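Hi,

Here is the structure I promised you. Have a look at it first, and then read on for what turned up.

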Amino acid sequence: MKTVVIGTSAGKSMDEIMAVYPRHKVAVDAFIERGEVIGIGPLVGGGNLAIFRTREAAEEFARTDPFLVEGMVASYDVRDWNDDLLA
């Protein structure tokens with residue numbers, strides 16, 4: 001089982017987003033280096049999605065990612081995902 005974090009955009013301007021982006025990238029890179037994030041990025045039509053190997057990693061990300069902490073994401077949901085295709 002994997003866990004996803006699904007976020008809803010807060011409708012911030014590109015300038016506001018880019019001001020936070022460098023801190024967000026540092027956070028994402030740390031999870032990638034630890035092998036905990038499988039995929040991450042914006043959804044077509046708005047919002048964003050991150051896929052994690054464990055619920056613990058997803059919850060840590062949700063507590064610490066600058067995009068979530070600093071209001072670039074209006075709301076988010078942490079959900080377990082039964083990924084039957086990938087191990």
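Let's start with R34, which lies over the face of F31, at 4.4 Å from the ring centre. Keep in mind as you read that this is a predicted model.

How many aromatic pairs does a search of the whole structure find? The search gives four. One of them joins Y21 and F67: the ring centres are 6.4 Å apart and the planes are at 50°, so the pair is tilted. To be called edge-to-face, the planes would have to be over 60 degrees apart. Y21 belongs to helix α1 (residues 14-33) and F67 to helix α3 (residues 66-69), so this pair ties together parts that are 46 residues apart in sequence. Y21 is partly exposed, at a relative accessible area of 33%, whereas F67 is buried, at 14%.

F67 brings us to the largest pocket. About 520 Å³ of space lies in it. Which residues lie nearest the centre of this pocket? They are H24, G41, P42, N48 and F67, out of 23 residues in the lining. The elements that give two or more residues to that lining are β1 (2-9), α1, β2 (37-42), β3 and α3. Helix α1 gives the most, with seven residues. If you sort the lining by class, you get 15 nonpolar, six polar and two charged residues.

Now go to P66, which you will find in helix α3. It is at 10% relative accessibility, so it counts as buried. Not counting residues up to four places away in sequence, P66 touches V20, R23, H24, A27 and G71. What separates P66 from P22 in sequence and in space? The two are 44 residues apart along the chain, with their C-alpha atoms 9.2 Å apart. V26 is found in helix α1, and at 59% relative accessibility it counts as exposed.

Last stop: L43, in the loop between β2 and β3. Its relative accessibility is 37%, so it counts as partly exposed. Leaving aside its neighbours within four places in sequence, L43 is in contact with N48 and L49. N48 is also one of the residues nearest the centre of the largest pocket. L43 and G7 are 36 residues apart in sequence, and 9.2 Å apart from C-alpha to C-alpha.

Cheers

Key
Residues are numbered from 1 along each chain as its sequence is written. This is a predicted model: local features need pLDDT of at least 70, side-chain atom pairs count only at pLDDT 80 or more; totals for chains, interfaces and linings use all residues. Side-chain values use heavy atoms; hydrogens and water are left out. Rings of Phe, Tyr and Trp (its six-membered ring) pair if their centres lie within 6.5 Å; planes under 30 degrees apart count as stacked, over 60 as edge-to-face and the rest as tilted. Helices (H or I, at least four residues) and strands (E, at least two) are DSSP runs, numbered from the N terminus. Buried means under 20% relative accessible area, exposed over 50%, partly exposed in between (1.4 Å probe, protein chains only). A charge sits over a ring if NZ of Lys or CZ of Arg is within 6 Å of the ring centre and within 35 degrees of the ring normal. On a 1 Å grid over the protein atoms alone, a cavity is a set of points where a 1.4 Å probe fits but cannot get out, and a pocket is an open set with protein on both sides within 12 Å along at least five of seven lines; lining residues have an atom within 4 Å of a point. Grid points are joined across faces, edges and corners, and a volume is the space filled by probe spheres set on the points. Ala, Val, Leu, Ile, Met, Phe, Trp, Tyr, Cys and Pro count as nonpolar, Asp, Glu, Lys and Arg as charged, and the others, Gly among them, as polar. Contact means heavy atoms within 4.5 Å.
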